[in-house]
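Please keep the sequence and the structure at hand while reading.

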Amino acid sequence: MRQHQQTRLDIRGVACRFKKPLLLLVPLILLILLQTLAPAVAQDMSEAEYRPFPKIGSRNAAWIAAQLHLLFGSFILGVPMFAVIIEFIGWKTKDARYDRMAQEFIKLCMGAFSTTALLGGVLVFILIWCYPKVMSKLSGIFGPTMIFYVVLFFGETFTLYLYSYGWDKMQGRHKGWHLFLGVLLNVFGTAIMFVSNSWLTYQTSPGTQYGKLSDTTRQSWLESKLAQNPGMTQTEAMEGITDATVIPLHNETTGEFLATVWEAVNNFTWMPVNIHRLIGNIAFGGSIVAAYAAFRFLVAKTKEDRAHYDWMGYTGNFIALCGLIPLPFAGYWLGREIYMFNNTMGINMMGSLFSWLFIIQAVMIGVLFIGANYYLWSGMGRIDGAQIYARYRPYMIAIIVICVAIWMTPRTLSKISTSSELSAMGGANHPHLGLFGLMTAKNTAVNIIILTTFLSFLFYRRSGKSPTASWKKVGNIAISSIFFFSAVSIVVIGIVGFTVPTDLRVNVLTPYQVLIALVVMVAVTIIDIFMYRKATMSGTIKWGEMTDRSQYVLILLAITFTSLMGLMGYARSGLREAWHIFGVMQDTSPDAFTPLLSEAVNIVAIIMVIFFALVGFIFWLGLWGEKKKQQAVPTEMEEAD
Amino acid sequence: MKRLSLFTTCLIIFVGCWVFLRFIVGSVISVPIPGSVVAMYMGLILIAILVHISVEDSRFREFLRPLRETLVDDNRRVRRRVVAVLVPLVLLAYTYSIFAQRANPPGNPRDAHPSPPLELTYKDEVIGKMQEVENPFRHYEKDEPEAFKAHVENGRRVYYQNCFYCHGDDLDGQGHFASPLQPLPANFQDPGIIPNFQESFLFWRISKGGPGLPAAGTPWDSAMPIWENMLTKDEIWDVILFLSDYTGYQPRTFGEGH
């Protein structure tokens, strides 16, 4: 009887295991369909440029599906990156807690993986149905990369399954191979993201620099230019063209694609988006994991569970912080590249149609930094001996809040002022606060926030420890001096930034500010590691003794990250305005207008609600399975008795 | 001397910050700050206070102590009654202050900067792509300083014959005709104006004026005339040279990409 039951259970287990790969096949089938149907769809172009999506419209449908797919995708790409590092730490330190935590991360990932694939399938379906002509054009250019994507997708799927299901079996001497699988999983995941990024960045910036083009493409471009301008000589056509000149990859009259697939992939904004998303995935993955841990902490019944999830929440937040700190630098680079690709697009982004989104972004990043610091400071409450750092806290809060205030001060106040206030100011810009609206002030503020957050982390790291190094006094003076002089340098460079040409500020001064912040973090970390190498423990970390408030902050951080990704994703995509492919393929659908900020915010809010409902459901399933497992163990034991 | 409670200290800081922003910065140091911006800053200050008091349980309890005492302690009956009267009175005064305001039309909801077209034109002639067009006389600055000087002088002449009535003799947007205009003429002495734009953008704004502004981001309500109907192409380029020469700000240029 028991054997029969066991067989039934096994069959059920096998069926469950097959369910996920089956779901993963959905986008695969759709991609193959896309490849097969592309010529037919192309023939059908004149008949159906667009097909309406019922009730909510095509754009909203594609928007919601794409953003949800991206959020889940970001999670499942970000989590394995730090899971494998944590697993490695566990392996090297022989601390099983790390291994357990890394495995728990991957379990969360497994739940989200099939949902990501399913949403990807839904997105492809919506795009093929609603935008056949656009998809035909894109698949005509990127066909080979789509096949490569499918191959990578297979690779990622099977590696993830091997990595996850092989976790318990590949302990001990096989651990090295297991870690290799983890690395391979990340390689596949990153490659997948890079491939899909090429499609969407191409839509925004279908051009690349002359110096990067092959001779054949250069020739095709020249011929098309001469054909468009009868009477123009070759010398005239090449006038003013340098290696840095952005060259469109299409014939500007007919829209015919002139370049190679690689040139389309390596378009102007591809690499900045890749880097921005790569770092963003780590921050987002960390924040979602931290929110999950916070939830588990709040509902935990035992001391052990509270301690475990407190530790997990701390680790998640630490990872999110590690991603968050370099993220503004990567974002700045992306913004710079958008300006360089097309100045009009840059002005639309930062000074015109989308500029208020960047004020909302500043508010949200302010919330992230304040929240992350709050969590660190709360965490110091559970470490004996951390109280000595509490006296610096009010100053650090003041610095962060002043910097956030500078960052979120709009340049032009006309939209949020009455006419009498505008008259009193003498225009749309406040004569003094208006200076905070310029990028040199904002960059200065960001760098100071980052340094202050790093200082918080340094205090956290030092809490409960007493250095024994003979040079500790000198070391502390050196660290204090580094912080002081770097902060002064960053502020001075920021002030100088008001007086120099923009080119110099963007390409020299701002990178110097970033460099100073990075050098400070590296130098101080090295000094601190050596100073505290043989430190004596003056207090222990009482895991599990965090305030509930700090856990709600972790949940708030995850929500803020999600909404930030939604809103800035809208900015990145909306920058194209009424173009499917900027300057090449115009959007002539009824949705060819830039939605109001309020409408965009509403859509992003809906996406967030759906995302958290789905994430909550997946996490709940995990919890449910865990409970069932725990209940099953005693039952089986009873049966065995 | 009795030490102030944490609650009172926080209250004093909060009110002090408001007084500082509203009256010290808004009247003594600078011009008034719009109410919405003050509200934004006060929100941040409130968050800072909440962070400070709630990081540690002990501090949070200390902060709440006077509130708890006021609400439940038998010895604090007088204070409780005072608060019970004061809170509605403050709310009443606040509500009254909102309703008693004179009718005040909202500010102009225009964007910070209009979105430029992809192509730069002069009348119907296409000059080139907005991104690529450069001031044809800019290279004289290095190559032929005398010729450059002549173009700047011509730009000065054009400016004082046509532009200074609104943009002012110091290029600060304070011309004789400026005050009734809404929006006010651009202040070229502001570090956020000339350095943020390529010369092609400035050419576009001058040549097309208010009526040539894009449909997106309306209403613009700019009083700027269509200068291409009155000035030659070279005169517009010259006046741009003059603007940057006089203010010392260089228009935006781009280095190499990634």
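## Domains, interface and salt bridges

Chain B is divided into domain 1, covering residues 6-99, and domain 2, covering residues 119-247. The C-alpha centres of these two domains of chain B lie 48 Å apart. The model is a predicted one, and what follows should be read with that in mind.

Where the two domains of chain A meet, 15 residues of domain 1 are in contact with 14 residues of domain 2, and together the domains bury about 1,200 Å², 65% of it on carbon and sulfur atoms. The count of salt bridges between domain 1 and domain 2 of chain A is 0, whereas 7 residue pairs are found in polar contact across this interface, both partners being at pLDDT 80 or more. On the side of domain 1 of chain A that touches domain 2, helix H4 (132-165), helix H5 (175-204) and helix H11 (327-341) each supply at least two residues. The largest share of that side, 5 residues, comes from H4(A), and by class the side has 10 nonpolar, 4 polar and 1 charged residues.

Ser224(A) is found in helix H6 (residues 215-228) of chain A and is buried, with a relative accessible area of 7%. The side chain of Ser224(A) reaches the backbone oxygen of Trp221(A) at 2.8 Å. Once neighbours within four places in sequence are left aside, Ser224(A) is in contact with Asn251(A) and Leu258(A).

The interface between the chains brings 75 residues of chain A into contact with 62 residues of chain B. Chain A and chain B bury about 5,500 Å² between them, with 58% of this area on carbon and sulfur atoms. Asn343(A), Ile347(A) and Arg549(A) supply 9% of the area that chain A buries against chain B, more than any other three residues. Polar contacts join 17 residue pairs across the interface of chain A and chain B, again with both residues at pLDDT 80 or more. Several elements give two or more residues to the side of chain A that touches chain B, among them strand E2 (246-248), helix H12 (343-350), helix H13 (355-380) and helix H18 (502-531) of chain A. The largest share of this side, 7 residues, comes from H15(A), and its residues divide into 37 nonpolar, 26 polar and 12 charged.

How many salt bridges are found across the interface of chain A and chain B? The count there is 4, and over all chains it comes to 21 salt bridges.

| Salt bridge | Distance, N to O |
|---|---|
| Arg393(A) and Glu56(B) | 2.7 Å |
| Arg461(A) and Asp528(A) | 3.2 Å |
| Glu235(B) and Arg157(B) | 3.4 Å |

The pair of Arg461(A), in helix H16 (residues 439-462) of chain A, and Asp528(A), in helix H18 of chain A, ties together parts that are 67 residues apart in sequence. Arg461(A) is partly exposed at 27% relative accessibility, whereas Asp528(A) is buried at 1%. In chain B, Glu235(B) in helix H8 (residues 233-247) and Arg157(B) in helix H6 are 78 residues apart, and their pair links distant parts of the chain. Glu235(B) counts as buried at 17% relative accessibility, while Arg157(B) is partly exposed at 35%. For the pair between the chains, Arg393(A) is buried, with a relative accessible area of 5%, and Glu56(B) is partly exposed, with 22%. In chain A, Glu87(A), Asp99(A) and Lys175(A) are linked in a network of salt bridges.

Two residues of chain B deserve a look for their backbone angles. Most residues other than glycine have a negative phi. Lys123(B), however, has a phi near 50° and is found in the loop between strand E1 (119-122) and strand E2 (125-129) of chain B. Leu171(B) has a positive phi of about 65° and lies in the loop between helix H6 (145-167) and helix H7 (199-208) of chain B. Lys123(B) is partly exposed at 44% relative accessibility, whereas Leu171(B) is buried at 0%.

Conventions:
Residues are numbered from 1 along each chain as its sequence is written. Chains are lettered from A and ligands numbered from 1 in the order in which they are written. This is a predicted model: local features need pLDDT of at least 70, side-chain atom pairs count only at pLDDT 80 or more; totals for chains, interfaces and linings use all residues. Side-chain values use heavy atoms; hydrogens and water are left out. Contact means heavy atoms within 4.5 Å. Buried area is the accessible area (1.4 Å probe) that two parts lose on being put together, summed over both. A salt bridge is a side-chain nitrogen of Lys or Arg within 4 Å of a carboxyl oxygen of Asp or Glu. A polar contact is a pair of N or O atoms within 3.5 Å; within protein, one must be able to donate a hydrogen and the other to accept it, and residues adjacent in sequence count only if both atoms are side-chain atoms. Helices (H or I, at least four residues) and strands (E, at least two) are DSSP runs, numbered from the N terminus. Ala, Val, Leu, Ile, Met, Phe, Trp, Tyr, Cys and Pro count as nonpolar, Asp, Glu, Lys and Arg as charged, and the others, Gly among them, as polar. Buried means under 20% relative accessible area, exposed over 50%, partly exposed in between (1.4 Å probe, protein chains only). Domain bounds come from an automatic or database domain assignment.
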